[in-house]
Amino acid sequence: QDAALQGRFQERVDAEEKIEPRDWMPEGYRRTLVRQISQHAHSEIVGMLPEGNWITRAPTLRRKVALLAKVQDEGGHGLYLYSAAETLGVSRDELVGQLLSGKAKYSSIFNYPTPTWADIGAIGWLVDGAAIMNQVPLCRCSYGPYARAMVRICREESFHQRQGYELMLALAQGTAEQKRMAQDALNRWWWPSLMMFGPSDDQSAHSAQNMAWKIKRFSNDELRQRFVDATVPQAEFLGLTIPDPELRFNAETGHYEFGAIDWTEFNEILKGNGPCNRERIEARRKAWDDGAWVREAAVAHAAKRKQRALK
Ligand code: ACO
């Protein structure tokens, strides 16, 4: 009977039907989605920290307003995604517990520091640019609640990318010192942005199954290549240099070829040994503890309302 259900499930996926929370699904599909969606939600929430660092120091009111809006959007994306994960029968407390205990991953990229204002530009341009490349195909993911959440998230990410690029443009066209700052930020964020797409295809444990289930539509390497192809001309327009001596355009394939990624750095970050891993988890733990009274008050309020409704 299980084989028949599995077969029917795969037929629905192949026919591009959306799978909804109450539909039958293989346990592996459910587990994979909980893993990916919660990792994605954690990334959004932890991703508020590197940029939040600059809200109080944004150079103008206009920049501050944009940065505030962007960081708030990320908080919203996290909540949206936790809700999508909850439709798979897992609780928010459980997911947050996994993040705080170090059991659940979040994107490697958010373990790097933001020492200068140009980092805010580089994050918007490169990190959100990479995020869009990875997330637009997720709007067509086979799981309905995740796919629908991604539509709004991608629209907002697109605004984030533009504000970052525009910020980089202002710096690149500014004084020599500002241009130097922009180049320095590009130097530090370029390789970590390429790592965001995950291990190369031959090392990617989940890719084959996730593509068969149409959770993933393109492989990690395919998306990384698309990102490089889209971003190199943008760097040229800014008058900045991509920090890769091996980067070159191959006219035959129509793609840029790039140097080897330092996977040791990536693996160390995944093990918790990146420059900011401890600081990030510490900040999330503190936020969770500081928010305990709000959660308690909300539960007490809900209980009172329920009691009143029963009278
Ligand atoms: N940072 C941290 N962990 C990563 C990263 C990364 N950049 N890339 C891959 N991994 C982890 C995977 O989660 C997996 O770990 P696990 O098996 O312990 O759970 C392992 O490395 C192997 O990778 P893959 O087999 O390639 O895993 P998967 O098929 O899930 O692909 C990917 C990874 C591309 C990140 C996928 O999960 C995805 O598309 N996620 C949704 C997007 C997302 O989370 N974006 C977050 C950053 S964007 C933002 O927040 C602005």
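I began with Lys304, which lies in helix H13, residues 292-310 (helices are DSSP runs of H or I with at least four residues, numbered from the N terminus). The model is predicted: local features need pLDDT of at least 70 and side-chain atom pairs pLDDT 80 or more, while totals for chains, interfaces and linings use all residues. Residues are numbered from 1 along each chain as its sequence is written, and side-chain values use heavy atoms, without hydrogens and water.

I looked up accessibility next. Lys304 counts as exposed because its relative accessibility is 52% (exposed is over 50% relative accessible area, buried under 20%, partly exposed in between, with a 1.4 Å probe and protein chains only).

I then turned to the core. The largest nonpolar core has 50 residues, and Trp117, Trp125, Trp189 and Trp190 have the most contacts inside it (such a core is a set of buried Ala, Val, Leu, Ile, Met, Phe, Trp, Tyr and Cys residues joined through side-chain atoms within 4.5 Å). Helix H8 gives the largest share of this core, nine residues.

I also looked up salt bridges (a side-chain nitrogen of Lys or Arg within 4 Å of a carboxyl oxygen of Asp or Glu). The structure holds 24 of these salt bridges. In helix H8, Arg188 and Asp184 lie four residues apart, about one turn, and their closest N and O atoms are 3.1 Å apart.

Asp221 forms a salt bridge with Arg224 at 2.7 Å between the closest N and O atoms. Is Arg224 buried or exposed? I noted that Arg224 is buried, at 2% relative accessibility, whereas Asp221 is partly exposed, at 28%.

Methods
Helices (H or I, at least four residues) and strands (E, at least two) are DSSP runs, numbered from the N terminus.
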